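Keep the view open while you read.

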Amino acid sequence: MTDISTPRPRAALFVTCMVDTLYPGVGMAAAQLLQRHGADVVFPDRQTCCGQPAFNAGYRNDARAVARHLIDVFWPLVDGGDVDAVVAPSGSCVAMVKRHYPILFEAAHDIEYQRRAVQLGEVTYELTQYLVDYLGVADAGARCPGRLAYHPCCHLLRELHIDAQPRRLLSSLKDAEIAELPNADECCGFGGLFALKNADISTAMGRRKVRNVNHSGADMVVLNDVSCMTHLNGILRREGHSCRAVHIAEVLNGTVEHATAERDSPDDR
Amino acid sequence: MIYDSIEARDEIFARLRRACSGSRSVFREALAHLKPPDPPTPVTHADGDRRSLAARFGAKLEAASGSYEILEDAAEASQRVVQLAREWGAAERATESAAETIEILSWASRALPIENLGELLKQAGTSLIVPDDMHDERTRARAARVNLGLTGADAAFASTGSIVLASGRGKSRAASLLPARHLVLVPMSRIHTTFEAWLRSLRAKQALGSFLRVSGQVVFITGPSKSADIELYLTLGVHGPKSVHALIFDDIW
Amino acid sequence: MTVDVGAAYPTRVRQALADDALRAALDRATEHLRGRRAQALAGVDATRLRDEAHAVRRYAIEHLPDLLEQLEGNLIANGCQVHWARDAAEALGVVLEIAHQNHVKDVVKSKSMVTEEIGLNDALQRSGIDVVETDLGEFIIQLAGEPPSHIITPVIHKRLEDISEIFQTKLDTPPTDQPAELCDTARRALRSEFLIADMGISGCNFAIAETGTICIVTNEGNGRMVTSLPRVYVAIAGIEKVVRSVEDAVLLWQAASRNATGQDVSVYFSMSSGPRRRGDSDGPDEMHVILIDNGRSRILERRYGDATLCIRCGACINICPVYREIGGHAYGRTPYSGPIGAVITPLLEYDIRPARDLPFASSLCGACRDVCPVKIDLPRLLLDLRSDIVERRAAPIAERVGMRVYSTALRRPAPYRALARLARRLGRLAALLPPLKRWARTREPPRFAAKSFATLWRERGRRPGEGAAE
């Protein structure tokens with residue numbers, strides 16, 4: 001894919017609403033990773049959200065309105081050949097586009113948007129999946145001193161079946177020690193609106209995950225979704241643990257220290 | 001008919017016909033017509049000659065908390081039945097006030113796979129109880145006292161250690177259900193590799209339907225009665241037998 | 001009992017989460033069952049077993065009316081009496097009628113979720129008929145006056161010491177920490193019940209259409225007792241239990257055994273094709289089969305047919321991270337808990353509202369879908385149910401307003417940016433707003449970035465050495 005004779009692949013970056021507003025550093029890391037590993041990055045700045053919060057909560061009309069906007073922003077780029085792929089630093093949002101958009105528009109008998117959704121879904125990738133499967137990256141070429149545990153986020157693992165790619169990239173990091181996370185594939189308890197609607201159950205599940213993270217002895221738990229990251233950090237910080245959840249883009253980009261320092265600045269609490 | 005359920009029946013069928021027929025699928029994803037395998041693929045596997053199938057059957061039964069012995073022939077099996085009945089009877093007499101003679105709740109002699117075993121047991125001083133009507137209170141009370149049950153098996157399966165018992169004349173369900181010990185006689189000729197292979201052979205003979213329907217009940221039994229309801233501790237004999245002991249013998253000459 | 005199944009959902013959840021003993025018991029039990037299941041499936045071609053079990057169940061549901069007609073015809077030919085019931089009340093009416101006709105005083109029952117679903121025990125007792133649950137777990141919770149909290153291991157929520165205590169008070173036995181002793185006590189108590197009972201009642205795991213056979217899966221042998229000792233035997237089967245052939249039933253039995261308890265097969269698989277035959281010493285003189293709808297045809301009409309594929313193995317319950325925290329009683333007055341319970345409990349009801357919280361009691365992690373032996377896409381069904389609930393305007397008003405604001409703002413970039421700016425300005429105050437307050441009670445809220453990614457990207461422009469970015 002990165003043959004010099006062929007043009008560089010062009011990826012449209014869908015940063016997701018949470019990265020845009022809460023964790024721009026993750027978006028920057030994702031963009032830099034893509035560029036460093038041979039892709040040109042396009043950022044369509046009219047993008048907002050994939051619509052998952054509404055879809056998961058059962059509000060399909062509201063979800064459709066937001067989803068249509070995403071399709072309006074990204075589909076013309078794909079259809080016109082301006083980009084080869086849409087890449088997002090999130091398993092959950094990619095799963096929304098790939099798995100749930102077709103359901104959403106089929107239910108509304110919106111054949112045109114269903115067609116566009118399917119076409120868009122075919123070229124939409126989660127970041128590490130794109131790096132490994134599309135760009136052929138085997139070595140992230142970064143260094144990350146410390147003990148890392150990897151938490152496979154549910155939608156990444158079970159909706160998209162992406163697991164080997166992030167693990168392979170993490171194992172390529174210099175000076176990183178990968179810790180075994182007990183019961184790694186158990187849900188952290190975020191679950192979108194579930195985290196609010198069933199806050200107590202969500203917290204109980206998160207605490208269980210935190211116990212396992214502590215058990216692994218990791219300084220950082222690495223994951224591919226900032227939503228689960230927010231949930232875990234919320235518990236880690238509230239309960240006074242030193243371990244932090246970090247997004248894989250920052251880890252692979254070697255910008256993680258900066259990121260954690262920023263999040264834990266003195267005015268935090 | 002006790003209860004006129006015609007109206008209920010008609011309404012249920014009307015609703016089902018409406019829901020299940022036509023182009024509209026009752027499922028979320030309308031898959032291309034999915035034809036299930038007929039028959040399904042065997043889940044387990046076993047092969048080998050009758051000796052190795054017997055050994056496999058025994059090992060699987062043991063894994064299901066049962067026990068077994070492999071004996072040369074029917075004669076040896078008969079002697080072993082008598083010997084076990086005496087041993088167990090003696091053990092019971094030592095611990096509780098059991099009946100004077102050793103009682104066995106048994107299938108009728110003609111239903112057992114060893115000729116004249118009934119006679120042999122009677123000569124050995126055991127009393128064979130073959131219930132004729134378990135709804136009779138005295139028969140039931142008498143059967144309920146017995147600690148040893150003796151049956152044959154209509155079929156056995158090497159890959160799981162299971163046996164099949166079909167109820168019928170002289171083949172009481174009680175013999176394999178009420179006593180604390182179940183002694184089952186398994187001729188090697190009755191040991192099949194898997195459930196599926198056995199079903200296939202019955203189906204080929206067009207005997208499967210009648211096998212099931214002639215009997216009130218056909219039961220597959222794999223080891224002694226078990227429960228894991230108390231904190232998932234395995235306990236044996238909560239209702240059925242606490243032990244299932246198979247005497248496997250070679251009957252092919 | 002620590003969780004009041006009659007209380008409102010938030011109360012039930014709070015009670016469950018506060019009960020450390022319950023959660024310790026659930027942890028231990030579900031982990032054990034998950035391990036056993038994995039072991040049992042490692043020894044077979046699990047993918048094929050799953051594909052075939054799914055295909056076999058799906059075929060049965062697609063051909064439900066035809067198979068039910070065939071089943072009915074064969075049951076009658078076998079000497080059974082077949083009754084149809086549209087709902088719980090009709091089914092209870094049939095059972096009571098049969099009981100009265102036969103002057104029944106004592107009923108023994110084997111574990112059956114459909115009888116829990118229709119509230120059979122209460123109805124029998126109200127009519128002055130003694131009914132005893134004979135599954136060890138069901139017997140224990142009947143003594144304790146509780147409903148089951150798991151479809152396979154109904155007393156999963158109790159520890160050994162809790163059970164010993166129940167036996168001490170109810171059966172006057174000495175305290176013990178030996179499960180075998182408790183088991184022996186139950187054996188003695190229940191054996192005398194079996195011997196005096198005039199009627200046995202069971203559910204039905206599979207009903208074979210081609211032979212007219214009712215199949216019961218048990219490990220304890222109580223299923224055989226109930227179907228063999230009393231003069232009258234009544235099987236109550238949901239109409240979705242029908243399968244095409246003997247082979248299909250044997251396949252599903254193996255799939256259920258491996259997925260439920262991690263056994264190759266259950267100890268007993270009883271296939272009853274009618275009353276005792278002429279010359280038989282035992283078996284019932286009358287065998288009745290009640291085929292009950294109770295919401296199932298409506299499930300099909302509403303295209304939730306996937307939910308009717310379920311073979312009640314409990315694998316989805318044992319893997320569910322939500323069930324593990326709250327247990328079965330938190331799902332309310334229903335025998336069905338965990339992911340499958342969150343789907344079928346609201347679906348079986350005519351009115352979705354009383355159980356409207358259940359489809360939301362899931363993080364949609366998808367673990368249940370991966371373990372289901374008949375490939376039910378449970379997260380999908382939960383999502384679809386959530387949509388139904390919202391469409392029926394059964395969701396809280398504040399949530400509806402919130403979602404409208406969300407979708408109005410986020411369908412265009414400008415209002416999205418404005419909303420983000422507002423949130424940034426509110427900063428930590430946002431955590432005081434009602435929905436976020438629930439977050440902030442136990443978790444630090446995230447902070448909005450000083451500059452959004454879009455702003456940073458714009459400001460960055462095209463810097464040298466950063467590749468050909470836009």
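In this predicted model, strand S2 (residues 106–109) of chain C is joined to strand S4 of chain C by three bridges. The two strands run parallel. Look for Lys109(C): it stands opposite Ile201(C) in S4(C).

S4(C) covers residues 199–202. It also pairs with strand S7 (residues 232–238) of chain C, again in the parallel sense, over four bridges. Here Met199(C) has Val232(C) in S7(C) as its bridge partner.

Which residues of S4(C) point one way, and which the other? Met199(C) and Ile201(C) point one way, while Gly200(C) and Ser202(C) point the other way. All four names belong to buried residues.

Now step back to chain C as a whole. It has 470 residues, and 61% of them count as buried. There are 22 helices and ten strands in the chain. Its C-alpha trace spans about 95 × 55 × 45 Å along the principal axes. Take the contacts in chain C with a separation of 6 or more: residues 24 or more positions apart account for 73% of them.

**A sheet in chain A**

Turn to chain A. Four of its strands form an open sheet in the order S2-S1-S3-S4, with parallel pairing. Strand S2 (40–42) and strand S4 (124–126) stand at the edges. Each has a single partner strand, so one side of each is left without a neighbour in the sheet. From one strand to the next, the twist averages 35°.

Strand S3 (residues 85–88) of chain A pairs with S4(A) over three bridges, in the parallel sense. Val87(A) stands opposite Tyr125(A) in S4(A). Helix H5(A) packs on this sheet and touches S3 and S4 of chain A. The direction of H5(A) makes about 155° with that of S4(A).

| Strand pair | Sense | Bridges |
|---|---|---|
| S2(C) and S4(C) | parallel | three bridges |
| S4(C) and S7(C) | parallel | four bridges |
| S3(A) and S4(A) | parallel | three bridges |
| S9(B) and S9(C) | antiparallel | five bridges |

**Helices side by side**

Two packed helices are described by the angle between their axes and the distance between the axes.

On the H5(A) side, the contact includes Val97(A), Tyr101(A) and Phe105(A). On the H6(A) side, Tyr113(A), Ala117(A) and Leu120(A) are among the residues that take part. By class, this contact has eight nonpolar, two polar and two charged residues.

A second pair of helices reaches across two chains. Helix H11 (residues 199–216) of chain A and helix H1 (residues 9–17) of chain C have axes that come within 10 Å and cross at roughly 25°. That angle makes H11(A) roughly parallel to H1(C). The crossing is left-handed.

Asp200(A), Ile201(A) and Ala204(A) of H11(A) meet Val13(C), Arg14(C) and Leu17(C) of H1(C). Four of these residues are nonpolar, none is polar and two are charged.

**Where chains meet**

How many residues of chain A are in contact with chain C? The count is 55 residues of chain A, against 54 residues of chain C. Helix H12 (residues 226–238) of chain A gives the most to chain A's side, with seven residues. That side divides into 27 nonpolar, 15 polar and 13 charged residues.

Chain C also touches chain B. This contact takes 90 residues from chain C and 71 residues from chain B. On the chain C side, the largest share comes from helix H3 (residues 46–62), with nine residues. By class, the chain C side has 37 nonpolar, 26 polar and 27 charged residues.

Strands link these two chains as well. Strand S9 (residues 217–221) of chain B and strand S9 (residues 268–272) of chain C run antiparallel, joined by five bridges. Val219(B) stands opposite Ser270(C) in S9(C).

Key. Residues are numbered from 1 along each chain as its sequence is written. Chains are lettered from A and ligands numbered from 1 in the order in which they are written. This is a predicted model: local features need pLDDT of at least 70, side-chain atom pairs count only at pLDDT 80 or more; totals for chains, interfaces and linings use all residues. Two residues are in contact if their C-beta atoms, placed from the backbone, lie within 7 Å. Ala, Val, Leu, Ile, Met, Phe, Trp, Tyr, Cys and Pro count as nonpolar, Asp, Glu, Lys and Arg as charged, and the others, Gly among them, as polar. Axes are lines fitted to C-alpha atoms, for helices over the stretch in contact, and angles run from 0 to 180 degrees between N-to-C directions. Angles under 35 degrees count as roughly parallel, over 145 as roughly antiparallel, 65 to 115 as roughly perpendicular and the rest as oblique. A crossing is left-handed if the near helix is turned anticlockwise from the far one by less than a right angle, and right-handed if clockwise. A residue is buried if 20 or more other C-beta atoms lie within 10 Å of its own, exposed if 12 or fewer, and partly exposed in between; C-beta atoms are placed from the backbone. Two strands pair if DSSP finds at least two bridges between them.
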